[in-house]
Amino acid sequence: MSHTRWELSRERDAGESRAEPPDVVAEREQIRLAYALGQLVHDRRVALGLTQSALGRRLGMTEDEVESVELGGTLPLTADLLVRLAAALDVSVDLHVVSDGRNTVVFEERAA
C-alpha cells in the first residue's frame, strides 16, 4: 500500500461536493462566534488591565468561567451574557446575524 499522498477527510469530502447538514453548519457557526467573542473579551480585558478574577467579579462569574469565555467555550451565546459583558467591559456589543452565515460580533468602546 502506498501512502504518498494522505487526504484529509475535508479534502475527500470536498471532492464529493457533499453539503454538511444544517445542524452541523449551525453548530460550526456557533463555535466560530464563541471563539471570536472569546478573543474580543480577552483583548478588552487586557486593554483595561483587568485580571480574569477582576473581570469575573464584574460579571458575577468565577475565574474559570471567564477563562472558558475567553477560550470560546461558552455555548450557546446568550443575550444575558452579551449584556453582562457589555457592562463589565464598558463596550457596546454589535452582533450581526445574517442568513448566509457570515455572522460577526464586534466590541465598540463607549464614547466618554
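Contact means heavy atoms within 4.5 Å. The model is predicted: local features need pLDDT of at least 70, side-chain atom pairs count only at pLDDT 80 or more, and totals for chains, interfaces and linings use all residues. Residues are numbered from 1 along each chain as its sequence is written, and side-chain values use heavy atoms, with hydrogens and water left out.

**View A. The buried side of helix H4.** Helices (H or I, at least four residues) and strands (E, at least two) are DSSP runs, numbered from the N terminus. Val66, Val69 and Glu70 are the buried residues of H4 (buried: under 20% relative accessible area, 1.4 Å probe, protein chains only). They lie on the same side of H4 because they cover an arc of only 100 degrees around the axis, taken from the directions from the helix axis to the C-beta atoms. H2 and H3 are among the elements that cover them. Gly72 follows H4, with a positive phi near 80 degrees.

**View B. Gln52 in helix H3.** Gln52 lies in H3. Its relative accessibility is 17%, so Gln52 counts as buried. Beyond four places in sequence, Gln52 touches Arg45, Glu63, Val66, Glu67 and Glu70.

**View D. Contacts of Leu37.** Leu37 touches Leu77, Leu81, Leu82, Leu85, Val105 and Phe107, leaving out residues up to four places away in sequence.

Key. Buried means under 20% relative accessible area, exposed over 50%, partly exposed in between (1.4 Å probe, protein chains only).
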